Structures are given as C-alpha cells and as structure tokens.
Amino acid sequence: MIPYKAEVKHDGKLHKFPIVKLKVDKCRSCGEEFFTTATDEQITASLRSTIGLLPPAEIRRQLGQLGISQRTFASHLRIAPETVSRWMTGLAIQNRALDTLMRIYFAFPAVRQTLGKAGPLDMSNRDQVNKIVHRAKA
Ligand SMILES: [Zn+2]
C-alpha cells in the first residue's frame with residue numbers, strides 16, 4: 001500500500017486525484033514496487049467515485065432489479081455487449097453521456113420501453129414520457 005497521486009485521462013479530460021492507500025506489488029529481490037491488475041482496478045474505481053459515475057455494482061443491482069440481462073441492456077443503449085461487459089469488469093469506464101443515459105434508463109419505465117424497441121429511436125410516445133417525468137416530480 002502506497003500513497004499515490006493518480007492522473008487519469010477520461011472523456012478528453014485529465015483527472016488528478018489522490019489515493020491514500022494504493023495496492024501495489026513489491027519485487028521480493030530488489031524491492032521495486034509495481035502495478036498489477038488489482039492496482040489498475042483500484043485506480044479505475046477511484047476515478048468513478050471521484051467524478052461520480054455509476055459503479056459496476058450499482059449497474060448490476062439496477063439490472064438485477066429490473067430483470068434485464070447485460071446483453072439486452074447493451075442493445076437498448078445501442079452499444080456493443082462487450083462495452084457493457086468491460087464496464088462490469090472494471091476494464092473500462094463509461095463516459096459521462098452514457099452514464100447519464102443509464103441513469104435515465106434506470107429511472108424511467110417509458111425510457112426503457114422506448115429504447116426497448118428495435119431500430120431507430122421512435123420518440124412518438126414522448127407524451128407518455130412527459131407524463132411519467134411529471135409524476136416523478138410531483
Ligand atoms: Zn526486482
């Protein structure tokens with residue numbers, strides 16, 4: 001464990017944040033510290049919480065609650081299933097726009113219904129979306 005000043009580029013922006021205890025490995029012969037997969041995962045998780053993006057556990061929880069598979073979720077979001085699986089394993093972080101889309105998707109049934117239809121996005125049922133959004137505000 002070492003204190004570490006992380007610098008990670010995400011969404012075209014450089015984020016700098018401190019990590020109090022970063023998990024690193026140490027060479028037994030020369031004592032040199034080096035990063036492992038666990039180190040990278042920790043940095044990724046810290047970045048997510050620093051800039052306020054949904055963590056994998058929360059995405060998994062929401063999908064479980066709705067009974068939606070990762071594959072279906074990916075198709076609703078118009079992204080590759082591999083992209084979702086990379087988020088879940090911590091190999092990649094969603095950008096802010098997709099994070100926002102996910103939050104809206106989880107919050108509003110009408111959004112899931114609209115995105116659940118195959119093909120180009122049909123916004124003709126926007127009255128229904130507006131009604132549900134209005135109700136949520138009340
Ligand atoms: Zn060594």
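**Entry 1: helices and strands**

I started by counting elements, and I found seven helices and four strands in the protein chain. I keep in mind that this is a predicted model. Next I read the order from the N terminus, which goes β-β-β-β-α-α-α-α-α-α-α.

**Entry 2: overall dimensions**

I then checked the radius of gyration: the protein chain has 19 Å, whereas a compact globule of 138 residues would have a value near 14 Å.

**Entry 3: two domains**

Which domains does the assignment give? I noted domain 1 at 2–51 and domain 2 at 56–137. I looked up the separation of their centres, taken over C-alpha atoms, and got 29 Å.

Then I turned to where the domains touch. I found seven residues of domain 1 in contact with four residues of domain 2. On the domain 1 side, helix H1 (residues 37–51) gives the largest share, with five residues.

**Entry 4: helices H3 and H4**

A reminder to myself: two packed helices are described by the angle between their axes and the distance between the axes. With that in hand, I picked helix H3 (residues 70–77) and helix H4 (residues 81–88), whose axes come within 8 Å and cross at roughly 120 degrees. I therefore wrote down H3 as oblique to H4. I also noted the handedness: H3 passes H4 in a right-handed crossing.

Which residues meet here? From H3 I listed Gln70, Arg71, Phe73 and Ala74, and they meet Pro81, Thr83, Val84, Ser85 and Met88 in H4. I sorted the residues of this contact too, and got five nonpolar, three polar and one charged.

Note on methods:
Residues numbered from 1 in each chain as written. Predicted model: local features only at pLDDT ≥ 70, side-chain atom pairs only at ≥ 80, totals over all residues. Axes fitted to C-alpha atoms, helices over the stretch in contact; angles between N-to-C directions. Helix = DSSP H or I, 4+ residues; strand = E, 2+ residues; numbered from the N terminus. Parallel < 35°, antiparallel > 145°, perpendicular 65-115°, else oblique. Left-handed = near helix turned anticlockwise from the far one by under 90°. Contact = placed C-beta atoms within 7 Å. Nonpolar A, V, L, I, M, F, W, Y, C, P; charged D, E, K, R; others polar. Domains from an automatic or database assignment. Rg over C-alpha atoms; globule rule 2.2 N^0.38 Å.
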